[in-house]
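Take a moment with the sequence and the model before reading on. Which parts sit inside, and which strands pair up?

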Amino acid sequence: MNKRVQKQMEPDSAVYKTLLESTKAIPWKIDWSTMKFAYIGPQIEALLGWTPESWVTVEDWAMRIHAEDREGVVNFCVSQSKSGVDHEADYRAITRDGEHVWIRDVVHVVRKPDGEVDALIGFMFDITERKKTEARLAELQKELEALSYRDSLTEVANRRMFDSALEVEWANAVKNRTPLSIIMLDIDYFKQYNDHYGHIRGDACLKQIAGVLNQAATRTRDFFARYGGEEFVLILPETDRASGLKVAQRCRKMVLKEKIPHEKSQVESVVTISLGMATIIPSTQDHRIDFMELVDKRLYMAKQRGRNCIVAED
């Protein structure tokens with residue numbers, strides 16, 4: 001290669017500088033021995049409000065990181081740099097007017113021929129919009145998760161959430177040797193209600209009953225859910241049989257008090273419910289499925305005994 005061609009191919013620092021400063025990425029360089037900025041792109045002022053001249057040492061960089069992010073980011077970047085490892089860090093940078101901008105710092109460690117760290121070269125990227133998008137997606141994910149545990153019609157917890165809640169409360173009862181009561185209830189002659197009044201009125205009835213029964217048990221850990229169709233269920237942690245029976249009686253009276261007309265009912269002229277209840281102090285030898293089958297059996301017995309009643313024993 002002749003000297004003229006070689007000279008044409010040599011990097012022109014002015015060209016590089018122009019290219020770097022024309023991008024949104026903010027280039028910078030820190031001398032490792034002095035921990036001072038050798039360079040930072042002028043774009044930094046438009047982004048954060050701090051002039052390039054104000055970025056003197058790494059201390060200036062550190063103090064312009066949000067207090068909640070500072071220690072973790074600084075410790076991570078220092079340890080990675082000392083190890084000679086290229087790295088990235090996301091953090092909130094404080095602007096001159098006290099606001100913050102999300103930054104992604106991409107860092108390359110430059111070594112001397114003997115392997116010692118010579119300098120750090122990097123780019124700062126404004127990722128604020130990306131972080132806002134990520135936050136919104138996280139919110140949407142939480143909303144979707146919440147919806148997946150909520151019955152879409154009645155807006156109370158659904159069967160999936162019930163299964164999760166029962167698993168937790170069963171484990172607590174086994175561990176602490178405390179009583180656990182379950183009430184399962186069913187709207188009497190609901191098929192006839194739907195056939196006579198129509199499904200729109202039927203849905204409205206379900207929503208009204210769910211709203212009422214959701215107020216029947218008021219302690220923090222008491223749990224109410226739609227079990228399926230016109231069936232609902234209550235989990236009553238640390239509740240003995242007598243206390244559970246009181247809640248069941250309250251549920252029955254609350255529904256009657258609503259006085260929802262039901263011309264096709266064979267027990268009352270208004271909507272009523274049948275209830276099955278059981279209480280257990282579970283041990284490791286007991287099984288949730290067996291217990292739920294017992295509660296369901298008692299609900300079936302309540303229907304056999306004429307409905308609009310509670311069965312709490314065999």
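Keep in mind that the model is predicted.

**The five-stranded sheet**

Start with an open sheet of 5 strands. Its order is S7-S8-S6-S9-S10, and the pairing is mixed. The edge strands are S7 and S10, since each pairs on one side only.

Now look at strand S9, residues 273–280. Is it enclosed or open? Of its 8 residues, 7 are buried, so S9 is largely enclosed by the rest of the structure.

S9 has a partner in strand S6, residues 180–187. The two run antiparallel and are joined by 8 bridges. Isoleucine 183 stands opposite methionine 277 of S9. Aspartate 186 has serine 274 of S9 as its bridge partner.

S9 also pairs with strand S10, residues 310–311. Here the sense is parallel, over 2 bridges. Glycine 276 stands opposite valine 311 in S10. How does the chain get from S9 to S10, and what is the hand of the crossover? The chain passes through helix H11, residues 288–304, and this β-α-β crossover is left-handed.

**Residues around the sheet**

Phenylalanine 232 belongs to strand S8, residues 231–237. Its relative accessible area is 0%, and the cut-off for buried is under 20%, so phenylalanine 232 counts as buried. Leaving aside neighbours within four places in sequence, its contacts include Ile183, Met184, Leu185 and Ile187. Phe224, Ala225, Arg226 and Tyr227 are also among them.

Threonine 178 sits in a loop, between helix H7 (159–176) and S6. With a relative accessible area of 18%, threonine 178 is buried too. Beyond four places in sequence, threonine 178 is in contact with Asn172, Ala173, Glu238, Ile280, Ile281 and Pro282.

Aspartate 222 is found in another loop, the one between helix H9 (199–213) and strand S7 (223–228). Is aspartate 222 buried or exposed? At 14% relative accessibility, it counts as buried. Its side chain makes a polar contact of 2.7 Å with the side chain of arginine 219.

Leucine 256 is a residue of helix H10, residues 241–258. Its relative accessibility is 24%, so leucine 256 counts as partly exposed. Not counting residues up to four places away, leucine 256 touches Val270, Val271, Thr272 and Asn308. Its C-alpha atom is 46 Å from that of alanine 135, which is 121 residues away along the chain.

| Residue | Relative accessible area | Class |
|---|---|---|
| Phenylalanine 232 | 0% | buried |
| Aspartate 222 | 14% | buried |
| Threonine 178 | 18% | buried |
| Leucine 256 | 24% | partly exposed |

**Strand S1 and its partners**

Turn now to strand S1, residues 26–31. S1 and strand S2 (residues 36–40) pair in the antiparallel sense, over 4 bridges. Tryptophan 28 stands opposite isoleucine 40 of S2. S1 and S2 form a hairpin with 4 residues between the strands. Within this hairpin, methionine 35 takes a positive phi near 60°.

S1 has another antiparallel partner in S5, joined to it by 6 bridges. Aspartate 31 stands opposite alanine 119 in S5.

**Empty spaces**

Rolling a probe the size of a water molecule over the atoms shows where empty space is left.

The largest pocket has a volume of about 250 Å³. Which residues lie nearest its centre? They are Ile30, Val58, Trp61, Cys77 and Leu120, out of 18 lining residues. Several elements each supply at least two residues of this lining: S1, helix H4 (58–63), helix H5 (67–82), strand S4 (100–111) and strand S5 (117–126).

How many cavities of 30 Å³ or more are there? The count comes to 1. The largest cavity has a volume of about 30 Å³. Leu48, Trp55, Trp61, Arg64, Ile65, Tyr91 and Ala93 line it.

Terms used
Residues numbered from 1 in each chain as written. Predicted model: local features only at pLDDT ≥ 70, side-chain atom pairs only at ≥ 80, totals over all residues. Heavy atoms only, no water. Buried < 20%, exposed > 50% of the residue type's maximum accessible area, 1.4 Å probe, protein only. Pairing = 2+ DSSP bridges. Right-handed = clockwise from strand over helix to strand, strands pointing away. Polar contact = N/O pair within 3.5 Å; in protein donor to acceptor, adjacent residues only side chain to side chain. Contact = heavy atoms within 4.5 Å. 1 Å grid on protein atoms, 1.4 Å probe; cavity = no way out; pocket = protein on both sides within 12 Å on 5 of 7 lines; lining within 4 Å. Points joined across faces, edges and corners; volume = space filled by probe spheres on them.
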